[in-house]
Amino acid sequence: FPNIVALPILIFPTLCEFPVVYNAFYEGGNESTDGEKYKSCVDESNAMIFVYFFAWNLLYWIIGYPSLVEAGKKKRQMKNDSLSATDPHNHSLDNTFNDEEPQVKTA
């Protein structure tokens, strides 16, 4: 998870050095200097990165993690059910030793 924030924090200031990028981020007037546009681009990109990171973490731990755990439990249960059905030592399916005494017919 650390690269979700670390790489964009390193990459965006470099990208913001290009006029096509900092002009796209800047919402101020045309009288602003390139330095102001660059600072605005870096500030906005950092804010977007952290908002994304916090939102993603909240959604992952609130929704994603429980869903993954539940899926793992279902898969394990399905595997256990299929193994118990084919297990030769499964006593519920093994009729070798019944509680009933065998009946012998005498003629």
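These legends describe close-up views of a predicted model.

**View 1. The disulfide between C16 and C41.** The structure holds one disulfide. It joins C16 to C41, with an S to S distance of 2.0 Å. The torsion about the S-S bond is about -70 degrees, so the disulfide is left-handed. The pair links distant parts of the chain, 25 residues apart. C16 sits in the loop between α1 (3-15) and α2 (19-25), and C41 in helix α3 (residues 34-86). Both cysteines are buried.

**View 2. The largest nonpolar core.** Six residues make up this core: C16, V21, Y22, F25, C41 and V42. Helices α2 and α3 each supply at least two of its residues. The largest share, three residues, comes from α2.

**View 3. F25 and its ring partner F12.** Not counting residues up to four places away in sequence, F25 touches F12, C41, E44, S45 and M48. The structure holds six aromatic pairs. In the pair of F12 and F25, the ring centres are 6.3 Å apart and the planes stand at 90 degrees, so the pair is edge-to-face. F12 lies in helix α1 and F25 in helix α2, 13 residues apart. F25 counts as buried, at 15% relative accessibility. F12 is partly exposed, with a relative accessible area of 25%.

**View 4. Stacked rings of W56 and Y60 in helix α3.** The ring centres of W56 and Y60 are 5.3 Å apart, with 5 degrees between the planes. The two residues are four apart in helix α3, about one turn of the helix. W56 is partly exposed, with a relative accessible area of 27%. Y60 is partly exposed at 22%. Ring pairs link W56, Y60, W61 and Y65 into a cluster.

Technical notes: Residues numbered from 1 in each chain as written. Predicted model: local features only at pLDDT ≥ 70, side-chain atom pairs only at ≥ 80, totals over all residues. Heavy atoms only, no water. Disulfide = S-S within 2.5 Å. Buried < 20%, exposed > 50% of the residue type's maximum accessible area, 1.4 Å probe, protein only. Core = buried A, V, L, I, M, F, W, Y, C linked by side-chain atoms within 4.5 Å. Contact = heavy atoms within 4.5 Å. Phe/Tyr/Trp six-rings, centres within 6.5 Å; stacked < 30°, edge-to-face > 60°.
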